[in-house]
Amino acid sequence: MPNDPLERASSPAPSHASVPAWMTPSTLLRASVAVAVLTIVLKTLAWWVTGSVGMLSDALESFVNLAGAVFALAMVTIARRPADEDHPYGHHKAEFFSSGFEGILIIGAAIAILWAGVSRLLQPQPIEQVGWGSVLLVASSVCNGVLAWYMLRAARVHHSKALEGDARHLFTDVWTSAGVLVGLIAAALTGWHWIDPVVAILVALNILREGGSMLWESSQGLMDEALPPDQLHGVEQVLARYGEQSGGEARFDSLISRRAGSRNFVDVHMHVPAEWTLGRAAQLRTDVEAALMQAVPNLRATIEILPLGQATVFETVASRGE
């Protein structure tokens with residue numbers, strides 16, 4: 001339990017999306033590393049007994065899972081470091097590096113799978129021991145699917161971009177395995193050996209799309225993207241409520257927001273009558289800050305007090321277009 005009252009106020013409100021206390025991002029990412037090693041073993045065995053290029057593509061993606069989980073664990077550890085002299089706003093953006101790194105790894109794996117799929121399409125080969133290969137593939141998919149479901153739940157509660165990225169990657173892996181399994185069985189039943197490499201190519205195109213999406217989202221986070229519309233609306237509602245409670249004497253403007261990993265930031269100007277005492281204005285600011293932190297999880301609100309009718313130097317210069 002945080003000791004700082006403002007930190008307590010910024011804690012997310014209880015919801016139906018709660019998870020057990022042990023399901024922290026670090027714990028789940030360690031589990032992801034262990035599961036990635038297990039699935040590498042299972043899928044490599046499946047490829048070895050079947051000779052399927054689709055199985056090979058799935059095994060290659062599991063190596064990406066392992067590298068991504070290790071890097072995500074490192075970034076989450078860095079993101080939890082407290083603010084210091086060199087990083088006064090904290091280290092929360094480290095999680096976006098994790099998501100971007102996984103996106104790059106996924107794109108690299110997709111290119112490798114495309115290469116293997118096209119090569120096998122030009123030189124088709126029969127598939128062997130489909131039964132054992134299918135059992136091993138299903139076992140690895142169950143491991144990935146269960147872990148990804150828990151990770152995605154925890155990511156929504158902890159607002160962890162690294163955890164969400166790893167969970168999405170694992171879900172992509174599950175769909176990849178499903179496609180490979182369908183292609184494997186179809187090729188075995190029909191004798192059309194070209195089905196296996198075609199499925200591998202389709203799988204590669206799918207994970208290429210997922211990798212591009214993760215890279216885009218990571219770049220938006222690193223460029224200080226604004227809060228989502230629902231959270232921004234919650235902030236505006238709080239400001240409007242306190243403006244009404246003051247009888248219209250307090251006014252709020254110059255609202256800006258940004259996200260940095262699991263943390264959210266809001267800056268706003270609060271204009272009050274010049275005859276108000278500093279204590280009265282400061283009390284209102286404290287009340288508004290606490291309400292904003294309750295409305296938006298993991299929020300740091302900065303409110304600047306100004307007399308009515310007065311703008312900051314920055315606003316004056318900006319209004320002139322200088």
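Predicted model: local features only at pLDDT ≥ 70, side-chain atom pairs only at ≥ 80, totals over all residues.

Modeller: Arg 280 is partly exposed, at 44% relative accessibility. Residues are numbered from 1 along each chain as its sequence is written, and side-chain values use heavy atoms, leaving out hydrogens and water.

Now the partner. Arg 280 forms a salt bridge with Glu 249, and their closest N and O atoms are 3.6 Å apart. A salt bridge is a side-chain nitrogen of Lys or Arg within 4 Å of a carboxyl oxygen of Asp or Glu. The two residues are 31 apart in the chain: Arg 280 is in helix 9, and Glu 249 is in the loop between helix 8 (229-245) and strand 1 (251-260). Helices (H or I, at least four residues) and strands (E, at least two) are DSSP runs, numbered from the N terminus. Glu 249 is also partly exposed, at 32%. Side chains of opposite charge can pair when their charged atoms come close. The structure holds 1 salt bridge.

Next, the helix itself. Helix 9 covers residues 278-295, 18 residues in total. The expected span of a helix is 1.5 Å times one less than its number of residues. For helix 9 this gives 26 Å, and its end C-alpha atoms are 26 Å apart, so the two agree. Its buried residues are Ala 281, Leu 284, Val 288, Glu 289, Ala 291, Leu 292 and Met 293. An α-helix has 3.6 residues a turn, so residues three or four places apart point the same way.

What do the buried residues join? The largest nonpolar core has 21 residues, and Leu 284, Val 288 and Leu 292 are among those that touch the most other members. A nonpolar core is a set of buried Ala, Val, Leu, Ile, Met, Phe, Trp, Tyr and Cys residues joined through side-chain atoms within 4.5 Å. Two or more residues come from each of helix 8, strand 2 (263-272), helix 9 and strand 3 (299-307). Helix 9 gives the most, with 5 residues. Take Leu 284: beyond its neighbours within four places in sequence, Leu 284 contacts Tyr 242, Ala 250, Met 270 and Trp 276. Contact means heavy atoms within 4.5 Å. In soluble globular proteins, nonpolar side chains tend to be buried together.

The 17 residues of helix 8 should span 24 Å, and the end C-alpha atoms are 24 Å apart, which agrees. After helix 8 comes Gly 247, with a positive phi near 75°.

Finally, the wider setting. The protein chain holds 10 helices and 3 strands. Of its 322 residues, 45% count as buried.

How values were computed:
Buried < 20%, exposed > 50% of the residue type's maximum accessible area, 1.4 Å probe, protein only.
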